Amino acid sequence: MSAKMYRSQQRMVAGVCGGLAEHLGIRVGVVRAVMVGACFFFGAGLVFYGWLWLLVPLAGDRTSSAGTLLDDDGNPRLKLFRPAQGAVVEDNTTTRRQRIPVGFREVLIGGALVIAAIAIFGGQQGWALRLGTLIPLLVIILGAVLAWMQLDNTRRVGLLNAAKMNTPMAMLRLGGGVALVIAGVLVIVAGSGSWALMWTSVVASLAVLAGVGLVLAPWALKFWREFQEERAGRIRETERAEIAAHLHDSVLQTLALIQKSASSPADVTRLARAQERELREWIYQDSAHSTGALVERVKAVCAEAEDLHGHAVEVVAVGDAELGERGNALVQAVREAVLNGVRHGGTTVSVYIEAGAQGVDVFVKDRGPGFDVATVPADRLGVRESVVGRMQRNGGTAEIISSADGTEVRLHLPHEKPATEEAK
Amino acid sequence: MTAAPTPIRVVIVDDHAIFRSGLKADLAPDIAVLAEAATVEEAIAAVAAHQPDVVLLDVHLPGGRGQGGREVIAGSAAQLATTKFLALSVSDSAEDVVSVIRAGARGYVTKSISGAEISDAVRRVAGGDAVFSPRLAGFVLDAFGTAEVAVEDELDKLSARELEVMRLIARGYSYKEVAKALFISIKTVETHVSAVLRKLQLSSRHELTRWAADRRLL
């Protein structure tokens, strides 16, 4: 027996019997049988069922009503609102969507059967049950059930995700329910009196409703606002928790490292750059380029060079491309060029990638003292072999322009299939 | 260089006091900081009160309707003829950068820029030119496309020369180096860059402010 009663997720109609069974520690079948049996005692079962349906929260509701319900473990919200939770909620709604029609149909059939039974039973007892009152009553009940089902849905999902509440289907259901109730009441009233009387009574009741509405509207508005504020607050808190977790894992650790290595400016710069890069990736991950292979890989090798030598490598990319084996060669050549830049240039290195219709161009520029390309000793494989040779073997070109203002490595890799003859 | 004989009057708008004081210390002596502001409201008031030559404007600012630097520019529309805005940001997001440019900023530089470079950028903006960082040039190339395409509106495409200039800036070239590489004068480079800035501000192509999101579809 559980301390608190919740409606079951594995339900036929609204999960009342399942929840009750769990709460009392009895088998579900027994509870259902009792409930159905109780229906024949002047509908007591039905009333009881409806009452529980309205008052008992659904098992999944625990999270949404966490504002008032503090959970068993110490800090509930931090854990409850981890992103994974969203997925669970999403799941619930989808399963529910599939389940509703089934449950609803059963309610309809069951309700019709019960009404028919009552009608037959009443007929035998000699009650003068007229179809004229029975059908409107039925319509009212149907409408109420429709609207309440909506309420049920709203209560569960809405707290977590208000956007869902305004789905056309939900509005349709609510509106349909209300319309049915009103129609039923009207028919009953019309059935018992003249049309003239009905109109006056309609006007009178509308006036009363409007008056009550006027009085209650500010309250409703206030409650709605409070609810919205609370929800917004909770969302903020969730985000805050997520950000706090991330900052703790990354920034705080880096700051600790920086304090430890405060005596070495190179280390501090490197740590700061690495952290900056990581943070940027995290912040701008949504607006980042589609993760096409080339840019991503060039960025990775630039990050590596940055970490190795502590000089900033700024990557600017226009377009992106998917390159296979030849892409590897290009990335390796870029890596070599960038490493040369940070090693010998000793300044910020700018990398510009442009993937266009002609092919891919990569420019690596540093502002170091430069060197004379012609006088590079033959044993220095870096430039000659890893950059120029590698590009040429893969059908591309490499150019190195160096002056006192810096060095620029220009790599060009044309697209493979078309127009190999017009190699630049 | 376009350095004015009288000091360039500047207002610094940034919500981080540490950054403001650091920037103030970094600026060259021919740039006089008149005032500092930390929020949108303060910034609009300071710009109106001091009528500076240049406003160094952080893209992300508290206050106002939450639109940061854009809102400051919009709120200072009356001064836009005499006061130039230079956007400063740590942001990499194309949307942030392009939106503040389209609001009317004359340039965009990252906050990690050195004191000498930023002083240079301030002088340039004060002289009526545009300041493009490599990243902004990259955004421009990405937005307008790098290929020669036929479009109806001249505002919607960059000329071949403008493309070349943008490419070189994206590659990390300074204006001087661009001029040297293309065998044109610095003045011509500045003209091209200003033209690109104007197109960036006026073109309706791809609804550029939203283009950061759109471009993922490209």
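Two strands count as paired when DSSP finds at least two bridges between them. With that in mind, let us look at this predicted model, beginning with chain B. In chain B, residue B:Ile8 faces B:Ile31, which belongs to S2(B). Further along, B:Ile12 has B:Glu36 of S2(B) opposite. Strand S1 (residues 8-13) of chain B and strand S2 (residues 31-37) of chain B run parallel and are joined by 6 bridges. To get from S1(B) to S2(B), the chain passes through helix H1 (residues 17-26) of chain B, and this β-α-β crossover is right-handed.

S1(B) also pairs with strand S3 (residues 54-58) of chain B, again in the parallel sense, over 4 bridges. Here B:Val11 sits opposite B:Val55 in S3(B). How much of strand S1 of chain B is buried? The count is 5 of its 6 residues, so the strand is largely enclosed by the rest of the structure.

## Strand order and edges in chain B

Seen as a whole, the sheet of chain B is open and has 5 strands, ordered S2-S1-S3-S4-S5 with parallel pairing. Which strands stand at its edges? They are S2 and strand S5 (107-110) of chain B; each has a single partner strand, so one side of each is left without a neighbour in the sheet. On average, neighbouring strands of this sheet are turned by 25° against each other, direction ignored.

## Helices on and beyond the chain B sheet

Helix H2 (residues 40-50) of chain B lies across S1, S2 and S3 of chain B and runs at about 140° to S2(B). Moving to S5(B), we find 4 bridges linking it in the parallel sense to strand S4 (residues 84-89) of chain B. B:Ser89 has B:Thr110 in S5(B) as its bridge partner. Helix H4 (residues 94-103) of chain B packs on the sheet and touches S4 and S5 of chain B, with a direction at about 175° to that of S4(B).

Another helix worth a look is H6 (residues 134-144) of chain B. All of it is buried, 11 of the 11 residues, so this helix is largely enclosed by the rest of the structure. Among the buried residues of H6(B) are B:Arg135, B:Leu136, B:Asp142 and B:Phe144.

Chain A contains 14 helices and 5 strands. Of its 424 residues, 22% are buried. Taking contacts in chain A between residues at least 6 apart in sequence, 63% join residues at least 24 apart.

The strands of chain A form an open sheet of 5 strands in the order S1-S2-S3-S5-S4, with mixed pairing. Strand S1 (313-318) and strand S4 (397-403) of chain A are the edge strands, each pairing on one side only. Neighbouring strands here are turned by 10° against each other on average, direction ignored. Within the sheet, strand S2 (residues 349-355) of chain A runs antiparallel to strand S3 (residues 359-366) of chain A, with 6 bridges joining them. A:Tyr352 finds its bridge partner in S3(A), namely A:Phe363. Helix H12 (residues 293-309) of chain A packs on this sheet, where it touches S1, S2 and S3 of chain A; the direction of H12 makes about 175° with that of S1(A).

## Helix contacts in chain A

How do helix H2 (residues 28-39) and helix H3 (residues 44-55) of chain A cross? Their axes come within 5 Å and cross at roughly 125°. H2(A) and H3(A) are therefore oblique to each other. On the H2(A) side the contact includes A:Met35, A:Val36 and A:Cys39, while on the H3(A) side it includes A:Leu46, A:Phe48 and A:Tyr49.

A:Val114 lies in helix H6 (residues 83-125) of chain A. A:Val114 and A:Phe40 are 74 residues apart in sequence, and their C-alpha atoms are 8.5 Å apart in space.

## Confidence in the prediction

For the complex, the predictor gives an ipTM of 0.75 and a pTM of 0.56. Chain B has an average pLDDT of 79, and 85% of the residues score at least 70. Residues 212-218 of chain B have a pLDDT below 50, and this stretch has 8 contacts in the model beyond near neighbours in sequence.

Note on methods. Residues are numbered from 1 along each chain as its sequence is written. Chains are lettered from A and ligands numbered from 1 in the order in which they are written. This is a predicted model: local features need pLDDT of at least 70, side-chain atom pairs count only at pLDDT 80 or more; totals for chains, interfaces and linings use all residues. A residue is buried if 20 or more other C-beta atoms lie within 10 Å of its own, exposed if 12 or fewer, and partly exposed in between; C-beta atoms are placed from the backbone. Helices (H or I, at least four residues) and strands (E, at least two) are DSSP runs, numbered from the N terminus. A crossover is right-handed if, with the strands pointing away from the viewer, the path from the first strand over the helix to the second runs clockwise. Axes are lines fitted to C-alpha atoms, for helices over the stretch in contact, and angles run from 0 to 180 degrees between N-to-C directions. Two residues are in contact if their C-beta atoms, placed from the backbone, lie within 7 Å. pLDDT is the predictor's confidence in each residue, from 0 to 100. Angles under 35 degrees count as roughly parallel, over 145 as roughly antiparallel, 65 to 115 as roughly perpendicular and the rest as oblique.
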